[in-house]
Amino acid sequence: MSNTADQSNVPARKTKPMKLWLRLLIAIPMAVIFVWIGWQVCMPLAFVAGMLSDSCDRLYSLWQIWILVLWTGILLVSALAPAILIALGRRWRWVLLSVVLGAAASVTWYVLWFVIAMVVCAV
């Protein structure tokens, strides 16, 4: 009788995990750079999105909530998530996935603003 039932099928990690100081050395500048990029993207595009409120009076308060509060929050979470994953020692594929998902969520949220604006102004 073979004793293979006790052996795990999960392969062991082939590389040693990075030390905490090295992870933080990568994560902190990455977070600063991503937050700076998010801010540089957010403000000009927020004002472009706000130009729609000039033609429709009902959009101004919705613009403040949707773009200035919620979209800025999504950009901040998207910018900090990869750095937090690096600091926690997660694998690089999860870090890259968080970058891609954060960018996709941000772009989708911003594009939805124009759809919502067209619907609100058309009614």
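This is a predicted model: local features need pLDDT of at least 70, side-chain atom pairs count only at pLDDT 80 or more; totals for chains, interfaces and linings use all residues.
Rings of Phe, Tyr and Trp, taking the six-membered ring for Trp, count as a pair if their centres lie within 6.5 Å.

By the ring rule, the count comes to 4 aromatic pairs. One of them is Trp66 with Trp109, which is stacked, at 4.0 Å centre to centre and 10° between the planes. Trp66 sits in helix H2 and Trp109 in helix H3, residues 92–122, so this pair ties together parts that are 43 residues apart in sequence. As for accessibility, Trp66 is at 16% relative accessible area and is therefore buried. Trp109 is at 22%, so Trp109 counts as partly exposed.

Tyr110 and Phe114 make an edge-to-face pair, with 5.3 Å between centres and 80° between the planes. Both residues are in helix H3, 4 residues apart, which is about one turn of the helix. Tyr110 has a relative accessible area of 11%, so Tyr110 is buried. Phe114, at 27% relative accessibility, counts as partly exposed.

Next, the cysteines. How many disulfides does the structure hold? The structure holds 1. The disulfide joins Cys56 to Cys121, with an S to S distance of 2.4 Å. Where do the two ends lie? Cys56 is in the loop between H1 and H2, and Cys121 is in helix H3, so the pair ties together parts that are 65 residues apart in sequence. The torsion about the S-S bond is about -130°, and the disulfide is left-handed because of that value. Cys56 is buried at 7% relative accessibility, and Cys121 is partly exposed at 31% relative accessible area. Another cysteine, Cys42, is buried, with a relative accessible area of 2%.

Last, Ser53. This residue is in the loop between helix H1, residues 20–50, and helix H2, residues 59–87. Is Ser53 buried or exposed? At 12% relative accessibility, Ser53 counts as buried, because buried means under 20%. Setting aside neighbours within four places in sequence, Ser53 is in contact with Leu59 and Tyr60. The C-alpha atoms of Ser53 and Trp63 are separated by 7.4 Å, and these two residues are 10 apart along the chain.

Key
Residues are numbered from 1 along each chain as its sequence is written. Side-chain values use heavy atoms; hydrogens and water are left out. Buried means under 20% relative accessible area, exposed over 50%, partly exposed in between (1.4 Å probe, protein chains only). Contact means heavy atoms within 4.5 Å. Rings of Phe, Tyr and Trp (its six-membered ring) pair if their centres lie within 6.5 Å; planes under 30 degrees apart count as stacked, over 60 as edge-to-face and the rest as tilted. A disulfide is a pair of cysteine sulfur atoms within 2.5 Å.
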